[in-house]
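Here's a quick briefing to read alongside the model. Have a viewer open and follow along topic by topic.

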Amino acid sequence: MKIKIEGGRLYDPGNNLDGEERDIFIEDGIIVEGFSGADKTIDASGKAIMAGGVDVHSHVATYGLNLIRGMNRFYSPREIGHIYAKMGYTHVNEPFMTQVTANYVHHELSSIPILDTSAFLVLNLRDAETKIKSAKHLEEVEKIIPIIIAGTKAIGLKIYEPFVKYAERKYILRNVTAKKTLSFFSGMSRESIPRIIMHTSPELFGEEIENPGGFHFSHVGSAINNEEAYQKVLHYLNAGATVDLGLFDLEQNLRISNPKQTVGEVFGRVDMGLSEDIVFSKGKVSENEAPFFAFKLALSQPSSHISFSTDSPANASFEAYPKIFSWLMKAENRANLFDKELPDSEYSLLDIARITRHNPAYILGLKNKGHLGVGAEADIAIYDINEDTKPSELEACFKDCAWLIKSGCIVVEDHRIVNDQVEKKTYYRGVEPLDYEPAKILTSYSTFRFENLMVDEVFTAKEVKV
Amino acid sequence: MAKLSMYQLYQYLPKTDCEKCGFSCMGFANRLISRDIKPEDCPFLLEPEYSESLTELNRLLGPEVEKEITGLIIDQEKCNGCGICVTVCEVNMEKSREAESGRGPGFSDDVVLRIDNGKIKLVDPHSCRRANPSSHICRACAELCPTKAISLV
Amino acid sequence: MSEILYESVVCPSCGCLCDDIDVVVEENRVKSIRNVCEWGISKFLFTKKFTPNVKRGRVEKPMIRGKTLTETDYETAISRAVDILKGSKKPLIYGLTNSGYNAQKIALNIARRLKGLFEPRGAALLSSYYAAMGDSNFYVAPLEEIRNNADLIIYWGCNPIHSTPRHLARYSVYPRGRCKERGSQDRAVFTVDVAENEMGKLSRRFLQVERGTDSLVMETMMKLLRGENVEDYKGDIATIENMVRQMTKVSYGAIFFGLGLSARGNAVKNIENLMALVKELNGKTRFVILPLYDDFNTSGVIQLLIRELKNPMPADFSVDHGAKNSKYSLLENLHEVDAALVVGDDPFWSLPSEKSDLLKEIPIVLIDPYWTRTTNKAQVIFPTAVTGIEAEGVAYRMDGLPLKLKKVLESEYPSDESILGEIYQRLHKEFP
């Protein structure tokens with residue numbers, strides 16, 4: 001189907017478009033140069049157009065969430081797909097997939113309608129404890145990790161606990177300190193894995209990282225609870241690191257954390273093979289200053305390499321994104337959030353497009369997403385936003401996009417979801433040629449045979465290698 | 001298991017008394033029981049038309065070999081294939097990394113005990129720890145069998 | 001004659017879903033098979049459970065009951081099935097724990113479209129487990145972590161040697177784990193059951209409880225944990241005290257419970273107390289709890305219900321708020337049901353007679369590979385390929401992790417997924 005979008009203003013940092021009025025042509029699910037005779041023409045005059053939103057960090061398929069859903073405390077896959085689509089999002093990335101839960105996470109992700117998906121592989125460092133102690137194994141690990149990423153159909157490597165710690169005293173010799181671990185991964189070449197994702201915690205900011213440029217720090221907002229940590233993040237950003245913000249909405253939220261960081265009511269715990277259980281709880285972060293520093297960081301825009309995130313559902317549920325956008329865009333919308341003074345800068349639509357489209361797509365390595373250039377995936381969100389939009393209306397406009405096109409198919413038409421059965425894709429980082437043999441050492445403590453740990457296409461949507 | 005008789009084995013021999021093996025057929029059967037000779041030492045039995053007899057002879061003699069070398073008596077009727085013996089066998093563990101962590105040994109792994117067609121089978125009695133007089137007496141498989149399918153002489 | 005070797009096949013027998021089965025196939029028949037237990041081999045050889053010499057009778061052609069049962073083709077059988085279901089005011093969709101995830105999903109959609117009831121086999125126990133999480137939290141772990149860490153395994157109301165034969169060797173007691181390098185020497189086993197069985201031999205403590213007193217035992221254990229008075233308990237208090245003492249001493253315990261808890265009295269009460277006990281234990285040390293499923297994809301159907309309806313209970317679409325049904329089993333409403341679609345189960349064998357007598361009165365559409373007691377009563381019978389052997393599928397292990405079921409044999413029969421899909425399409429066409 002050939003679709004033409006007329007008269008809208010485009011916001012796309014990747015192609016230096018800041019509100020320019022331009023027509024968009026879509027053919028076979030791709031943005032093309034132009035054509036004559038569209039099957040469908042959309043009038044977008046007076047509206048803002050962005051690429052489909054890319055969520056770099058949202059727990060929508062973490063192992064254990066289904067049990068929370070069984071208590072009716074979390075969205076169903078259908079609700080997730082619909083809420084995201086209404087907000088103009090077309091891609092969601094699950095940040096917590098272990099080797100063992102890879103099949104599970106992909107099966108769960110493929111049950112979410114509309115959205116394309118990807119996932120970060122959380123490597124259990126216990127599987128590699130003998131390797132990461134010394135840099136002499138660096139080359140071997142550099143070879144293994146891309147294979148295991150490809151096999152589990154992940155899009156990146158995430159380190160959740162940058163150390164190995166056993167509770168039992170008798171295994172003390174197996175422990176690996178954070179210092180050693182970070183130094184090992186700092187030394188890893190950028191060719192094998194472009195960017196290592198670090199789970200950010202206050203403890204991490206207590207460590208020194210030699211070469212922060214190779215890392216992406218996820219939801220930094222959760223971990224900056226003092227000025228010192230704030231300065232550290234600025235330092236990392238200067239050194240070339242990327243971050244996603246981990247902003248807060250200051251409501252009661254479902255938190256997925258280690259036992260120390262639980263807040264409020266506890267629902268249950270899952271042992272994922274890390275040094276501590278993962279605990280699901282619901283409450284509001286109020287004791288520390290992290291929410292304030294998170295917004296301070298976002299509003300001072302110290303670097304163009306920051307992405308939007310709320311560590312959904314922990315700091316804020318994805319449903320609250322529009323509210324947070326409206327806070328970022330207008331000082332009056334966030335006037336009473338904190339006692340202390342925030343910078344009075346305000347985000348433009350271009351800034352919003354940068355932190356919710358361009359940068360997340362860059363971090364995930366999705367070259368055809370997050371922008372509106374020729375050749376990009378035709379994932380396009382059209383919002384009823386223009387210079388007349390009042391600050392108080394912004395939230396509603398972001399919550400309820402006028403149109404959403406996903407892979408060239410119309411999903412939202414005039415604020416209504418008309419089709420949720422569009423083709424879904426699973427993006428992953430592949431490797432050529434794929435020889436599994438060296439990676440088998442990582443799975444010696446699995447109950448599954450290696451070949452059954454590798455994700456089959458029955459669990460994924462249409463697979464796309466990046 | 002009932003004791004093997006010479007006449008029972010004789011039924012499966014060619015009964016030609018050709019003496020190519022050096023004995024009459026009855027003599028051959030006698031030596032089969034004492035394990036001085038293998039069924040394959042009879043040239044006729046290697047021919048296709050006797051293949052069933054050969055299989056049957058090996059089946060009849062097989063368990064006895066196990067018993068003789070290792071002292072293990074396996075009662076297939078009682079076995080439910082739970083695989084505890086496969087997992088706890090120390091030699092299996094040395095030979096197959098898979099068996100150590102509770103997974104079944106790989107198809108090409110060369111192990112002592114494995115579950116074949118839902119029942120336990122001693123595939124390599126010679127590697128069993130019990131077959132080696134210099135090592136300690138291992139009783140793990142028999143002791144831990146929940147259905148008492150493995151016992152010791 | 002060429003042999004084909006299929007390695008690492010997943011066994012579709014019980015909730016263990018052992019994924020290390022190596023199958024040699026010759027002329028479309030299983031010639032030999034490694035690592036499979038006695039229960040699994042019956043599945044691969046199409047024989048009776050635990051008696052691999054006795055073949056189970058396969059239904060060979062679709063059948064329709066007029067005066068007698070007569071053979072027909074799939075097309076006619078589907079028309080008849082659709083007529084029965086369409087004409088029903090409140091159909092029951094039942095069984096499904098031996099089907100792949102996608103077949104279960106289609107069956108749920110059929111129930112939704114027909115405004116019927118959807119109940120997996122054995123729902124009472126399972127829904128009460130998931131529902132009890134609301135009060136007592138959940139404490140779960142993939143089986144890998146139980147094997148890596150657990151130093152105490154408790155089997156309550158189940159005999160893994162019969163229901164899940166390889167569970168002991170693969171996941172719980174005997175394998176060596178990351179932090180349990182000596183396997184069973186690093187662990188202890190407790191069993192609680194109504195009668196002495198094989199587990200007694202390998203358990204450090206075997207607590208024999210009287211039928212129907214499980215929940216009382218759990219309450220007593222909780223009292224002991226809280227240091228309360230237990231003088232009024234009449235049973236074997238010495239063993240219970242000893243068990244509780246050891247339970248608090250271990251660093252990581254795992255409890256597996258089975259159908260025994262639902263067969264004896266009140267499943268809901270039993271599970272609620274057991275979950276409360278686990279919560280109590282987690283105040284002192286670390287415990288996880290998982291159900292031991294007898295059927296290979298019971299876990300899948302619960303995952304499906306939660307994903308689709310955010311509720312682990314059987315679904316009742318006949319009322320407007322179907323997703324919010326709060327009954328543990330809908331079979332108490334069986335007298336209102338006027339037709340049934342049974343998939344891969346034999347309710348005339350598995351249900352108590354007061355329930356199955358009610359099924360005798362209504363037309364039944366049955367999808368099953370084998371002759372069973374239910375085939376004798378059904379109006380329409382569809383033979384199918386056996387999922388996991390003759391048809392591919394996805395199944396969830398007891399810890400909620402999915403595996404791909406492979407196909408090792410060709411079959412002339414369609415899968416249950418495709419028959420259900422065809423029925424759904426026809427209903428969709430006729431009730432847009």
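Which residue in the turn of the hairpin formed by β21(A) and β22(A) has a positive phi? That's A:Asp414, with a phi of about 50 degrees, in a turn that leaves 2 residues between the strands. Keep in mind that this is a predicted model: local features need pLDDT of at least 70, side-chain atom pairs count only at pLDDT 80 or more, and totals for chains, interfaces and linings use all residues. Residues are numbered from 1 along each chain as its sequence is written, while chains are lettered from A and ligands numbered from 1 in the order in which they are written.

**Hairpins in chain A**
- Strands here are DSSP runs of E with at least two residues, helices are runs of H or I with at least four, and both are numbered from the N terminus; two strands pair if DSSP finds at least two bridges between them.
- β20 (403-406) and β21 (409-413) of chain A run antiparallel and share 3 bridges, with A:Ile405 partnered by A:Ile410.
- Their hairpin has 2 residues between the strands, and A:Ser407 in the turn takes a positive phi of about 50 degrees.
- β21(A) also runs antiparallel to β22 (416-417) of chain A, joined by 2 bridges; there A:Glu413 sits opposite A:Arg416.

**Helix α4 of chain A**
- α4(A) covers residues 138-151, and its 14 residues span 20 Å from first to last C-alpha, close to the 20 Å expected (1.5 Å times one less than the number of residues).
- Its buried residues (20 or more other C-beta atoms within 10 Å of their own, with C-beta atoms placed from the backbone; 12 or fewer would be exposed, in between partly exposed) are A:Val141, A:Ile144, A:Ile145, A:Ile148, A:Ile149, A:Ala150 and A:Gly151.
- An α-helix has 3.6 residues a turn, so residues three or four places apart point the same way.
- The cover over those buried residues includes β10 (116-122), β11 (156-159) and β23 (425-428) of chain A.
- Just past α4(A), A:Lys153 has a positive phi of about 55 degrees.

**The sheet in chain C**
- Five strands make an open sheet with parallel pairing, in the order β13-β12-β11-β14-β15.
- β13 (205-208) and β15 (287-291) of chain C are the edge strands, each pairing on one side only.
- From one strand to the next, the twist averages 15 degrees; angles run from 0 to 180 degrees between N-to-C directions, with axes fitted to C-alpha atoms (for helices, over the stretch in contact).
- β11 (152-156) and β14 (253-257) of chain C pair over 5 bridges, and C:Ile154 stands opposite C:Ile255.
- Helix α12 (267-282) of chain C lies across β11, β14 and β15 of that chain, at about 160 degrees to β15(C).

**Between the chains**
- Contact means C-beta atoms, placed from the backbone, within 7 Å; on that basis 36 residues of chain C meet 34 of chain A.
- α5(C) gives the most to chain C's side, with 5 residues.
- That side divides into 18 nonpolar, 7 polar and 11 charged residues (nonpolar is Ala, Val, Leu, Ile, Met, Phe, Trp, Tyr, Cys and Pro; charged is Asp, Glu, Lys and Arg; the others, Gly among them, are polar).
- β16 (265-270) of chain A pairs in parallel with β10(C) over 3 bridges, placing A:Gly268 opposite C:Phe138.
- Chains A and B are in contact through 4 residues of each.

Definitions and conventions: Two residues are in contact if their C-beta atoms, placed from the backbone, lie within 7 Å.
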